[in-house]
Amino acid sequence: KNIYKNIKNSILNHEKLLAVLIDPDKFSVDDVARFIKKVNQSVATHIFVGGSTVKDKVTEVLVSEIKTHTKRPIVLFPGAISQITNKADALLFLSLISGRNPDYLIGKHVESISIIKTTNLEVISTGYILIESGNETAIERVTQTQPMDKNTIQNIVNTAKAGELLGMKLIYLEAGSGALNPVDSEIILKVKNEIKIPLIVGGGIKNTQQLENAYSSGADMVVIGTAFEEDETFFDKLRK
Ligand code: 1GP
């Protein structure tokens with residue numbers, strides 16, 4: 001159960017982290033071996049598994065298969081309680097603090113406890129902040145919340161800071177999977193300047209320039225899903 005500690009150590013050593021997001025809804029178990037081989041050959045440090053709309057039980061089967069092919073930590077990034085499985089290493093316990101839907105702030109969390117208590121997952125409290133990105137993303141639809149207006153930077157910064165002061169261990173700035181535009185550099189920069197906990201950035205990052213841009217603005221970890229799903233040759237640009 002050292003995943004959070006290792007993230008913090010990497011940051012102290014000025015290492016940037018990259019998580020590959022696998023959405024069980026878009027992934028077949030048969031694709032895992034080939035895909036994970038590419039992950040293993042790349043600079044990716046973590047594997048995230050989760051999605052907004054995933055059928056029950058699919059996640060557990062997929063995570064078990066991924067685990068047989070890699071030593072990278074597998075971190076659940078669940079869109080629903082049914083995606084929680086003991087087969088993974090850790091769980092991002094996401095509270096959608098950009099929104100005002102009580103279910104995604106605390107309700108689902110209370111419901112999930114009876115399952116979490118039966119697992120050995122390292123549970124990492126995460127302040128999850130959805131920011132408008134030019135198109136409606138699944139997260140917005142599923143959670144029935146408004147993303148934050150990207151021009152209200154101070155409000156976004158204050159939201160991140162409130163998450164930190166509530167004791168959250170990570171802040172995740174999210175543009176949404178398949179976002180037209182990733183989170184703006186200025187937002188990343190200003191949030192990073194305000195908080196001491198690690199900062200994750202994801203959504204709409206499709207090329208190495210956008211990746212580098214997120215890092216240079218202050219992201220400690222970047223999450224990429226869609227770009228790898230659509231074009232596995234992207235991994236070749238990120239070889240170790
Ligand atoms: C989505 O931040 C992640 O939750 C990754 O988004 O699929 O756009 O890379 P993409």
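1. Helices α6 and α7 cross in a right-handed sense. This is a predicted model, so please read every value here as computed from it. The two helices pack at about 35°, and their axes are 9 Å apart. If you want to find them, α6 covers residues 153–165 and α7 covers residues 185–194.

2. Which residues make the contact between α6 and α7? From α6 come Ile153, Ile156, Val157, Ala160, Lys161 and Glu164. On the α7 side, the partners are Glu186, Ile187, Lys190, Val191 and Glu194. Sorted by class, six residues of this contact are nonpolar and five are charged, while none is polar.

3. Now for the backbone. Most residues other than glycine have a negative phi. Histidine 14 is worth a look here: its phi is positive, near 60°, and it is not a glycine. You will find histidine 14 in the loop that links α1 (3–12) to β1 (17–22). Is histidine 14 buried or exposed? Its relative accessible area is 73%, so histidine 14 is exposed, the cut-off being over 50%.

4. Glutamine 144 is another residue with a positive phi, about 55°, without being a glycine. Its place is the loop between α5 (138–143) and α6, the helix that packs with α7. Glutamine 144 counts as exposed because its relative accessibility is 65%.

Notes: Residues numbered from 1 in each chain as written. Predicted model: local features only at pLDDT ≥ 70, side-chain atom pairs only at ≥ 80, totals over all residues. Heavy atoms only, no water. Helix = DSSP H or I, 4+ residues; strand = E, 2+ residues; numbered from the N terminus. Buried < 20%, exposed > 50% of the residue type's maximum accessible area, 1.4 Å probe, protein only. Axes fitted to C-alpha atoms, helices over the stretch in contact; angles between N-to-C directions. Left-handed = near helix turned anticlockwise from the far one by under 90°. Contact = heavy atoms within 4.5 Å. Nonpolar A, V, L, I, M, F, W, Y, C, P; charged D, E, K, R; others polar.
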